[in-house]
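Biologist: Could we go through the aromatic contacts and the surface charge of this model together?

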Amino acid sequence: MKAKEVFVAASIISLMIIGVVYIFWKPMLWSLVLIGPMILMGISDLTQKKHSIKRNFPLVGRMRYLLEDFRPEIMQYFVETDTEGAPINRIYRSLIYQRAKNTNDTTPFGTKYDVYESGYECMVHSIYPKHVKDLDHDPRILVGGPDCKKPYSASILNVSAMSFGSLSQNAILALNKGAKLGNFAHNTGEGGISPYHLEPGGDLIWQVGTGYFGCRDENGNFNPETFAQQSQLENVKMIEIKLSQGAKPGHGGILPAAKNTKEIAEIRHVEPFQDVLSPPYHTAFKDSKGLMKFIKQLRELSGGKPIGFKLCIGEKSEFYDICQAMIKTGIKPDFITVDGGEGGTGAAPVEFSNSMGMPLRDGLAFVSDTLKEFQLKQDIKIIASGKIFTSFHLARTLALGADLCNCARAMMMALGCIQALECNTNTCPVGVATQDKRLMKGLDVGNKSVRVASFHKNTVHSFVDLLAATGLTSADQLQRKHILHRVGPNKMVPYSELYPDFQA
Ligand SMILES: Cc1cc2nc3c(=O)[nH]c(=O)nc-3n(C[C@H](O)[C@H](O)[C@H](O)COP(=O)(O)O)c2cc1C
């Protein structure tokens, strides 16, 4: 029996006991003073739509909010353990919630960081700042090189790849509706395009992984016919070939058996209720020239939509080889998504998440510099992802060389994720990363889609605010010199020194 049923049963049983005892002992009625409000609170939890945890766990879910209220006082004794052992620390988490809920996102009392500790970073402001109201509040980037017939005007912040399978139906619906409300793009992840990606009408980036879900034949190989059909859907604005992701580079995708429902298996054309392990490599090509030909094939089959690939940098020479293949074949992708080793995942082997793949800043600087070295950058946009939670993260990533950014876990937080760290067990208590219908009911699509859109809007607004303080008027003016990084107690260096710009 689940929490909701337990609450309803407990309420009925308590009322019945009170009723029976009341017949023999009238003072029993007084117990209603205690039980009555609890039942009313539980009913209000079950019927409200704002808090998934209260909807899924009436009364008990309130404990979380109670403890959260006490936390600022308790936490002052534990400031050293601020990260709480979770991937997204308390400062970022609170900020994401505030921005998603459209509440006051200012903070009292100054910085919460030790600014003399190595690793501290800040932006270089100007004594001649611009006024934020004079800047464009929805900076957009046109993705599409010379061979692209349908370039896409993208927001600088978008939803990173997370499949239907890793996320619930309601989470996908809310993300896509949020993307529609806020005019940004939603990456499908490698699990294919589901009806929940299409229904709200938000812009999609269709990701094609090594499992070719949604465009595979009976042997699991790429199927051009089904690809052509799906890619020409109006909602699909760009197509991304997944070579690797930061959380498990060199490893195929993992969908645990518990989350592989009949519906998901049908969409992916696999057997239900079994682990779905995508192969670590593609079968549609086997080298860099093959990858270029595949890009050309997808471009033609899709009617000229932007085609790109996603990777986490590992062996650098392999990326040089890809650039050489672009020059030799004359075929270029329209975008490259660089994911950092610190990126999130629904399920991955621990060592892959912790110790495999180049972190974002190093990988991104390398990709940006290499594209410039090969004189390819002017035709190829760079999308970057990996722990982008705040507008400063956005700014430093663009300063390093990205044109636009994706975020996954920040969007999950906007959906109400509480970092229960149960994405791989199908028991996500807030209905974000589960296929359990009872749990996903707690996630109200209407409410959470507005939160996703608000998180996006407020983060982009805050980014424009930072830009104005730096004295700049557009995102493409950001340079590595605008970000300082502390390397020791008495030394801060600009990114331009840590990651020297490519000099032609
Ligand atoms: C629940 C979840 C599912 C994911 N599924 C995919 C996927 O299907 N394909 C993919 O390329 N990356 C996937 N990722 C990785 C993200 O798209 C992205 O590369 C990375 O999470 C960015 O890091 P962030 O979470 O720090 O924003 C997933 C991440 C999460 C958290």
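This is a predicted model: local features need pLDDT of at least 70, side-chain atom pairs count only at pLDDT 80 or more; totals for chains, interfaces and linings use all residues.

Biologist: How many aromatic pairs does the count come to?

Modeller: The count comes to 12 aromatic pairs. One of them joins Trp206 and Phe227, which are stacked at 5.1 Å centre to centre with 15° between the planes. This pair links distant parts of the chain, as Trp206 belongs to strand E6 (residues 203-208) and Phe227 to helix H8 (residues 224-231), 21 residues apart.

Biologist: Is Trp206 buried or exposed? And what about Phe227?

Modeller: Trp206 is buried because its relative accessibility is 0%. Phe227 likewise counts as buried, at 0% relative accessibility.

Biologist: What kind of pair do Tyr320 and Phe374 form?

Modeller: Tyr320 and Phe374 form a tilted pair, with 6.3 Å centre to centre and 45° between the planes. Tyr320 is in helix H11, whereas Phe374 lies in the loop between helix H13 (360-373) and strand E12 (381-385), 54 residues apart. Tyr320 is partly exposed, with a relative accessible area of 31%. Phe374 has 19% relative accessibility and therefore counts as buried, since the cut-off for buried is under 20%.

Biologist: Which residues form one aromatic cluster?

Modeller: Trp206, Tyr212, Phe222, Phe227, Phe285 and Phe294 form one cluster.

Biologist: Changing topic, which residues form the positive surface patch?

Modeller: That patch consists of Lys286, Lys289, Lys293 and Lys328. Lys328 is located in helix H11 (residues 316-329).

Biologist: Why does Lys328 count as exposed?

Modeller: Lys328 counts as exposed because its relative accessibility is 61%, and the cut-off for exposed is over 50%.

Conventions: Residues are numbered from 1 along each chain as its sequence is written. Side-chain values use heavy atoms; hydrogens and water are left out. Patches are made of residues with over 30% relative accessible area and no salt bridge: like charges are joined within 9 Å, nonpolar side chains (Val, Leu, Ile, Met, Phe, Trp, Tyr) within 5 Å. Accessible areas come from the Shrake-Rupley method with a 1.4 Å probe; for residues, only the protein chains shown count as cover. A salt bridge is a side-chain nitrogen of Lys or Arg within 4 Å of a carboxyl oxygen of Asp or Glu. Lys and Arg count as positive and Asp and Glu as negative; His and the chain ends are not counted. The place of a charge is taken as NZ of Lys, CZ of Arg, CG of Asp or CD of Glu. Helices (H or I, at least four residues) and strands (E, at least two) are DSSP runs, numbered from the N terminus. Buried means under 20% relative accessible area, exposed over 50%, partly exposed in between (1.4 Å probe, protein chains only). Rings of Phe, Tyr and Trp (its six-membered ring) pair if their centres lie within 6.5 Å; planes under 30 degrees apart count as stacked, over 60 as edge-to-face and the rest as tilted.
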